[in-house]
Amino acid sequence: MTDFTKTVRKLCDASVKDYVNPYSYLDWPESMDLEQWFTSPELISLYGTDTFEGLTEAQRKKLSFFEAVNFFSLNINGERALVQGLAERLYRKGNDAITSYLHHFLDEENKHMVYFGGFCTKYAGKTYPDKKVVFPQEYEPGERDFLFFAKVLVFEEIVDVYNVAMSRDERLVPLARKINLLHHRDEARHLVFGRQIVKDLFSVYAPQWSDEIKQRVRDYLKTYLAVAWKEYYNPEVYRDSGLAEPYEIHETAFQSARAREHRKRVSKGCVTYLLENNILDEEPVL
Amino acid sequence: MKTETEIREALRSWIANTNGKVQPEQLSDETPIIEQRIITSLQVMDLIFFIEKLSDRSIDVESLKVGVFRNINAIYDNFFQD
């Protein structure tokens with residue numbers, strides 16, 4: 001049995017042990033008072049900007065609500081694509097070793113959307129739509145699979161840093177804390193799986209790719225990292241929070257030195273992993 | 001409110017700036033920016049934010065038709081013409 005097969009077996013056992021019913025596990029208040037914290041203030045996209053400094057406590061809390069709706073929405077949007085990709089890979093030839101875990105992965109991602117979607121629709125009456133566009137493209141052998149799992153890794157590692165911080169933040173509304181905690185519990189397993197499969201796929205396929213293809217893959221991944229972060233600075237959030245000039249706020253906040261430092265710090269875990277395994281050959285500009 | 005010329009120039013500058021290797025004067029209104037990989041699919045999300053800012057309208061990505069980002073002409077026709 002290979003190390004990876006052993007890891008997959010352990011992860012399956014842990015998923016069975018940690019199984020929860022998403023419909024009975026959480027208590028959902030009928031309505032939500034928006035004068036509470038839903039996102040840790042330090043994780044709000046505008047934290048540290050002049051705009052944020054100029055807001056009253058009540059305005060900051062309202063902003064924290066729409067930031068939570070955005071965070072949960074971008075999770076839903078990421079998970080919709082993830083579920084499609086996982087389903088496509090179930091029982092595919094050559095995937096015998098991972099199929100048993102893909103069942104858990106799919107199940108858990110669907111449950112996350114139940115929590116996230118439940119919060120967004122019940123309290124905000126909507127989710128924020130995905131702005132990503134995918135154009136058809138031809139791939140080299142292994143490139144599509146590798147990029148699929150590498151994007152999952154990047155997305156989930158960043159999200160998990162937020163989940164961990166917010167699951168411990170006692171200032172937050174209990175429901176928001178608990179959703180972050182539940183997500184982190186499953187994600188901890190997904191991250192182990194993600195790191196392993198990304199490393200394995202790269203070591204199998206990269207030697208078959210030309211230098212030009214390797215560069216294309218690395219450039220794509222670096223751009224994906226930057227783009228994934230853009231979604232955290234959503235102009236619609238600022239508009240819904242009652243702020244004027246939402247697109248100017250979006251640009252100023254994204255380009256601020258403090259925000260760059262924040263993105264670098266939060267991305268450090270996954271960037272270091274990708275660099276250490278020669279998947280990336282230089283730090284991405286975030 | 002920006003004029004049609006100003007909008008086209010703003011789009012041209014944004015595309016050149018995002019690509020980093022082409023100059024604005026190398027981009028005509030018909031240059032196929034996606035086909036020539038001047039803008040990648042990942043960068044289109046950023047382009048959408050930029051178009052929303054210029055047009056002051058939100059874009060419903062799920063209802064977009066194929067080819068709306070093909071070139072500056074297509075972008076102007078699809079997002080700035082009433």
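**Helices and contacts in a predicted model**

User: In which helix does Arg8(B) lie?

Analyst: The model discussed here is predicted. Arg8(B) belongs to the helix that covers residues 4-19 of chain B, namely helix 1 of chain B.

User: Is Arg8(B) buried, partly exposed or exposed?

Analyst: Around Arg8(B) there are 17 other C-beta atoms within 10 Å. A buried residue needs 20 or more such atoms, and an exposed one has 12 or fewer. Arg8(B) is therefore partly exposed.

User: Leaving aside neighbours within four places in sequence, with which residues is Arg8(B) in contact?

Analyst: Contact here requires C-beta atoms within 7 Å. For comparison, Ser28(B) is 20 residues from Arg8(B) in sequence, with 9.9 Å between their C-alpha atoms. Once neighbours within four places in sequence are left aside, the contacts of Arg8(B) are Asp29(B), Ile72(B) and Tyr76(B).

User: What distance separates the end C-alpha atoms of helix 2 of chain B?

Analyst: Helix 2 of chain B holds 15 residues, 41-55. At 1.5 Å a residue, the helix should span 21 Å. The model agrees with this expectation, for the end C-alpha atoms are 21 Å apart.

User: Against which helices do the buried residues of helix 2 of chain B pack?

Analyst: The buried residues of this helix are Leu42(B), Gln43(B), Val44(B), Leu47(B), Phe49(B) and Ile51(B). Within chain B they pack against helix 1 and helix 3 (72-79). In chain A their partners are helix 7 (211-230), helix 8 (235-240) and helix 9 (246-255).

User: Where does Asn278(A) lie, and what is its phi?

Analyst: Asn278(A) is situated in the segment after helix 10 (257-276) of chain A. Although Asn278(A) is not a glycine, its phi is positive, at about 55°.

User: How are helix 3 and helix 5 of chain A oriented to each other?

Analyst: Helix 3 (residues 57-89) and helix 5 (residues 143-167) of chain A pack with axes 11 Å apart, at an angle of about 150°. Angles over 145 degrees count as roughly antiparallel. The two helices of chain A, helix 3 and helix 5, are therefore roughly antiparallel.

User: How many charged residues does the contact of helix 3 with helix 5 of chain A have?

Analyst: Helix 3 of chain A contributes Phe71(A), Asn75(A), Gly78(A), Leu82(A) and Gly85(A), while helix 5 of chain A contributes Phe148(A), Val152(A), Phe155(A), Val159(A) and Tyr162(A). By class, seven residues of this contact are nonpolar and three are polar, and the number of charged residues is none.

User: In which hand does helix 5 of chain A pass helix 6 of chain A?

Analyst: The axes of helix 5 and helix 6 (residues 174-205) of chain A come within 7 Å and cross at roughly 150°. This angle makes helix 5 of chain A roughly antiparallel to helix 6 of chain A. The crossing of helix 5 of chain A with helix 6 of chain A is left-handed.

Terms used
Residues are numbered from 1 along each chain as its sequence is written. Chains are lettered from A and ligands numbered from 1 in the order in which they are written. This is a predicted model: local features need pLDDT of at least 70, side-chain atom pairs count only at pLDDT 80 or more; totals for chains, interfaces and linings use all residues. Axes are lines fitted to C-alpha atoms, for helices over the stretch in contact, and angles run from 0 to 180 degrees between N-to-C directions. Helices (H or I, at least four residues) and strands (E, at least two) are DSSP runs, numbered from the N terminus. Angles under 35 degrees count as roughly parallel, over 145 as roughly antiparallel, 65 to 115 as roughly perpendicular and the rest as oblique. Two residues are in contact if their C-beta atoms, placed from the backbone, lie within 7 Å. Ala, Val, Leu, Ile, Met, Phe, Trp, Tyr, Cys and Pro count as nonpolar, Asp, Glu, Lys and Arg as charged, and the others, Gly among them, as polar. A crossing is left-handed if the near helix is turned anticlockwise from the far one by less than a right angle, and right-handed if clockwise. The expected span of a helix is 1.5 Å times one less than its number of residues.
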